[in-house]
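Colleague: Before I plan anything around this one, I would like to go through the second chain and its contact with its partner. Please put the model up.

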Amino acid sequence: MGKVVLEHVTKKFGHVTAVNDFNIEIDDNEFIVIVGPSGCGKSTVLRMIAGLEMQTSGNINIAGDLVNNKPPRDRNIAMVFQNYALYPHMNVYENMAFGLSLHGMPKDQIDVKVKEAAEILSINELLNRKPKELSGGQRQRVALGRAIVREPEVFLMDEPLSNLDAKLRVQTRAEISKLHARLNVTTIYVTHDQIEAMTMADRIVVIKDGIIQQVADPQTLYDAPANQFVAGFIGTPPMNFFRCHLVKKDGTLHLKANGIELPISSDWMTSLESFVDQELILGVRPENAEICDSATGNIKAVVDVVEPMGSETYLHLNIGGQKAIIRVAPDCRPMLGATVGLSANLERIHLFRTDTGETLIK
Amino acid sequence: MDDKQGLKSKILWYLLVLIFIMPFLFPLVWILMASFKTQAQIVAMPPVWFFTPTLENYQKVFIDQDFGRFLLNSSIIAVGSTVLSLILGLPAAYTISRYKQRGLGIFILLARLMPGISYLIPWFILFSKLRLVDTYTSLIASHMLVGMPLIIWIMINYFDALPKELEEAAQVDGCTLQGAFFRVVLPLSGPGILTASTLAFLFSWNNFMFALVLSADRTKTLPIAIYSFVSYAEVSWGSVMAAAVVIIAPAIILTMVFQRYVIKGLTMGAVKG
């Protein structure tokens, strides 16, 4: 049904390559989130699937149909835009009915569908209002309503939550997830917010500079990032990175930097042998290091800032000139400027190449 | 104390306003008054401020001079050139705005910036050869030269300010590009279209030079008709003033009714928001 396949899709704007050799197979009913920093080409991918932007090369298949040269209206998709793009001169009902009447559906059938969709989104009270009389959250619902009423093969959503305030965003996020579970329609969702990606996606596509960095389910992306970019992009606070030297001492490998001396498990001996005496990037997630006595820890740090969040506390640390944030228990309140020891969970550290950023061990 | 001061500054403010609008308003008031005076009252010195109004001048204008026909001519030409300019100008402006055809836009503006008089001789020769002198066609076409660039340039700004996503949403919903233009873009462009067409209409309505060369008896417009009241023997001031009121009235009414839109339309795009 709503399977979407992109093969070697490339988009160039003049000399700038916005999307480079993009390949992905999105399954029927899957919820895919494309995530990346602004300007990475994620919206361009979505717009190419919608037919609003023509790819420079490559193929796009929607529901088994090659749609390369088809205009948006022939692709059986519905799209939710960042600024909602509701037609200001039509009321909510007309906004939702517009697409159906364009496809020649009889009026009584349109009426049934619009009211059904309005029911699902609890906007039946708003049907006679104009978009300007609605709040941001209500507009968002109408935009969603306009999409679901069409019963398309694929939903495309372009940062639909970014104009909402924080509280409403969390609420709407859950509603979109629920909606997807209920309607079971392939959904391609673009965002720069990794939390949205983590919470909603079946699979996440991380893009940087128009190139796919990794495609995986949220947990895999978090636990086993393919490179330093993905590791740093997914997770809040982000993963801490330290420049270290890999040294061999008494037959075992160690990572050394100012304030850091970390033994490396012998399991990785063979894969890391060729990097001895080279600089590597050590990655430690904020929750994968614990505060301990400065004498016993494998990392020595000076406390810069203590941020109590209620349920947990973030410590901003200075480790031999390199900055780091770790997550500790809420009652852990070391003195500012105090030297503390950290013991990093050696099972959960990450190592990346300095030149390519590629993951060496996960 | 405060109230007194407030009153004083208010009076001062209105006095200033009066001083500023006097030079613009006085001729209008004078024209209006003179149109209801007799020739003797008009030329009387010192001016007569209080008099029994007479409709004689209007009678002369409409019955003796067949001013109704000139009014009709002016209306046909102004409405015709405005409507045709809209039909051609709106899609042109949309295309220039959406496909960033600024070069084309500047070319159109250039045609507008050329002094109108430089077109007149070539036009006269061209229209003579085509036997189009003294026809609505030639006058409408000539007025479109000014009306259309005006419409295009006002509407480019207007279309630039409309979010592109609206048309994209319409396309995703099932519209063709043209469908999105007619169903979504045009209905949202009312104020802009109103501004542009008001200005184009007023230009055509007030135009003297093009009509002087390209019209004759059949298509004489109001400004030319007034001109014919001025003869070597005498100037029939009463008739001229009555005719002037007939010309000015639609322009003023139109501007008053649409002034809110006209100002909004002209500043559109200046502050995108």
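Modeller: A residue is called buried here if 20 or more other C-beta atoms lie within 10 Å of its own. Keep in mind that this is a predicted model.

Colleague: What percentage of the residues in chain B is buried?

Modeller: The cut-off of 20 or more C-beta atoms within 10 Å is applied to each residue. Chain B has 273 residues, and the buried share of them is 35%.

Colleague: Is chain B compact or spread out, judged by its radius of gyration?

Modeller: The C-alpha trace of chain B spans about 75 × 70 × 30 Å along its principal axes. For 273 residues the globule rule gives 19 Å, whereas the radius of gyration of chain B is 23 Å, well over that value. Chain B is therefore more spread out than a compact globule.

Colleague: At what angle do the axes of α4(B) and α7(B) cross?

Modeller: Helix α4 of chain B covers residues 67-98, and helix α7 of chain B covers residues 136-161. Their contact has 20 nonpolar, eight polar and two charged residues. α4(B) passes α7(B) in a right-handed crossing. The two axes come within 6 Å, and they cross at roughly 35°.

Colleague: Which element gives the largest share of the side of chain B that touches chain A?

Modeller: The contact takes 18 residues from chain A and 13 residues from chain B. On the chain B side, the elements giving two or more residues are α8 (164-173) and α9 (177-188). By class, that side has eight nonpolar, two polar and three charged residues. The largest share, seven residues, comes from α8(B).

Colleague: Why is α8(B) described as largely enclosed by the rest of the structure?

Modeller: The buried residues of α8(B) include L166(B), E167(B), E168(B) and V172(B). They pack against α1 (42-50), β6 (77-80) and α2 (92-102) of chain A, together with α9 of chain B. α8(B) is largely enclosed because, of its 10 residues, the number buried is eight.

Colleague: Which residue just after α8(B) takes a positive phi?

Modeller: D173(B) is among the buried residues of α8(B). Just after this helix, a phi of about 125° is taken by G174(B).

Conventions:
Residues are numbered from 1 along each chain as its sequence is written. Chains are lettered from A and ligands numbered from 1 in the order in which they are written. This is a predicted model: local features need pLDDT of at least 70, side-chain atom pairs count only at pLDDT 80 or more; totals for chains, interfaces and linings use all residues. The radius of gyration is taken over C-alpha atoms; the globule rule is 2.2 Å times the number of residues to the power 0.38. A residue is buried if 20 or more other C-beta atoms lie within 10 Å of its own, exposed if 12 or fewer, and partly exposed in between; C-beta atoms are placed from the backbone. Two residues are in contact if their C-beta atoms, placed from the backbone, lie within 7 Å. Helices (H or I, at least four residues) and strands (E, at least two) are DSSP runs, numbered from the N terminus. Ala, Val, Leu, Ile, Met, Phe, Trp, Tyr, Cys and Pro count as nonpolar, Asp, Glu, Lys and Arg as charged, and the others, Gly among them, as polar. Axes are lines fitted to C-alpha atoms, for helices over the stretch in contact, and angles run from 0 to 180 degrees between N-to-C directions. A crossing is left-handed if the near helix is turned anticlockwise from the far one by less than a right angle, and right-handed if clockwise.
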